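Hi,

Here is the structure I said I would pass on. Have a look at it first, then read my notes below.

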Amino acid sequence: MKKLVLLPFTIVLLTTPVLAYKQADLDRLRATNKCARCDLRGADLSNAHLHKAELHEADLSEANLPGVDLSEAILYKASLYKANLYRANLKKADLKRANLFNALLRGAALDSADLMDAKFCNTIPVSYTHLTLPTKRIV
């Protein structure tokens with residue numbers, strides 16, 4: 001009987017994804033403003049100053065980034081899946097080929113950001129008043 005009761009809990013634990021950033025990656029980002037291919041899944045970087053940060057191919061899935069300054073940052077091929085970018089500054093950021101599926105972009109500033117081949121699906125959008133999209137296709 002005990003085995004039957006524990007089985008549903010075991011299944012839930014094994015199927016629930018664990019989003020945990022690597023502390024060494026977070027420390028490197030804070031110290032150098034560079035962290036290419038870093039694992040920052042679920043990290044809390046609220047209001048962080050990451051102007052011109054080098055984060056290409058970084059995994060920022062489900063990261064908490066409200067109010068973050070990522071202006072002129074390199075986020076080429078970064079994963080921002082389900083990231084909270086509420087009121088983030090992404091002006092002139094390189095977001096080419098970035099994954100923005102299910103990202104929260106409400107209030108984010110994307111002026112002159114490079115969104116070439118960025119992936120959007122169920123993304124909660126910014127106000128499009130000052131957003132200029134690239135002339136080529138956005139996937």
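Let me start with a lysine: Lys-77 has a relative accessible area of 36%, so it counts as partly exposed. On that scale, buried is under 20% relative accessible area, exposed is over 50%, and partly exposed is in between, with a 1.4 Å probe and protein chains only. Lys-77 sits in the segment after helix H2 (23-32), and its phi is near 60°, a positive value in a residue other than glycine. Lys-82 also has a positive phi, about 60°, although it is not a glycine. Lys-82 is placed in the segment after H2, and its 42% relative accessibility is why it counts as partly exposed.

A word on where this comes from: it is a predicted model, in which local features need pLDDT of at least 70 and side-chain atom pairs count only at pLDDT 80 or more, while totals for chains, interfaces and linings use all residues. Residues are numbered from 1 along each chain as its sequence is written, and side-chain values use heavy atoms, with hydrogens and water left out.

**Overall picture**

The secondary structure comes to 2 helices and 0 strands. Helices (H or I, at least four residues) and strands (E, at least two) are DSSP runs, numbered from the N terminus. Of the 139 residues, 35% count as buried. The protein exposes about 8400 Å², and carbon and sulfur atoms supply 56% of that; the areas come from the Shrake-Rupley method with a 1.4 Å probe, and for residues only the protein chains shown count as cover.

How many of the contacts between residues at least 6 apart in sequence join residues at least 24 apart? The figure is 1%, where contact means heavy atoms within 4.5 Å.

**Helix H2**

The buried residues of H2 are Asp-25, Leu-26 and Leu-29. Seen down the axis of H2, they fall within an arc of 100°, so they line one face of the helix. The arc is that of the directions from the helix axis to the C-beta atoms. Ala-24 and Ala-31 are exposed on the other side of H2. Just after the helix comes Asn-33, with a positive phi of about 65°.

**The disulfide**

There is 1 disulfide in the structure, meaning a pair of cysteine sulfur atoms within 2.5 Å. It joins Cys-35 to Cys-38, with S to S at 1.5 Å. Which hand does it have? The torsion about the S-S bond of Cys-35 and Cys-38 is about -90°, so the disulfide is left-handed. Cys-35 and Cys-38 are both buried. Cys-121, on the other hand, is partly exposed, with a relative accessible area of 36%.

The largest nonpolar core has 36 residues. A nonpolar core here is a set of buried Ala, Val, Leu, Ile, Met, Phe, Trp, Tyr and Cys residues joined through side-chain atoms within 4.5 Å. Leu-55, Leu-70, Leu-75, Leu-85, Leu-90 and Leu-95 have the most contacts inside it. Leaving aside residues up to four places away in sequence, Leu-55 touches Leu-29, Cys-35, Leu-40, Leu-60, Leu-70, Ile-74, Leu-75 and Ala-78.

Leu-40 lies in the segment after H2 and is buried, at 0% relative accessibility. With residues up to four places away not counted, its partners include Tyr-21, Asp-25, Leu-26, Leu-29 and Leu-55. The C-alpha atoms of Leu-40 and Tyr-21 are separated by 4.3 Å, with the two residues 19 apart along the chain.

Asp-39 is in the segment after H2 too. Is Asp-39 buried or exposed? At 11% relative accessibility, Asp-39 counts as buried. Again not counting residues up to four places away in sequence, Asp-39 touches Ala-20, Tyr-21, Lys-22, Asp-25 and Asp-59.

**Ile-124**

Finally, Ile-124, which is also placed in the segment after H2. Ile-124 is partly exposed, at a relative accessible area of 31%. Beyond residues up to four places away in sequence, Ile-124 touches Ala-103, Leu-104, Leu-105 and Arg-106. The C-alpha atoms of Ile-124 and Gly-107, 17 residues apart along the chain, are separated by 10.0 Å.

Cheers
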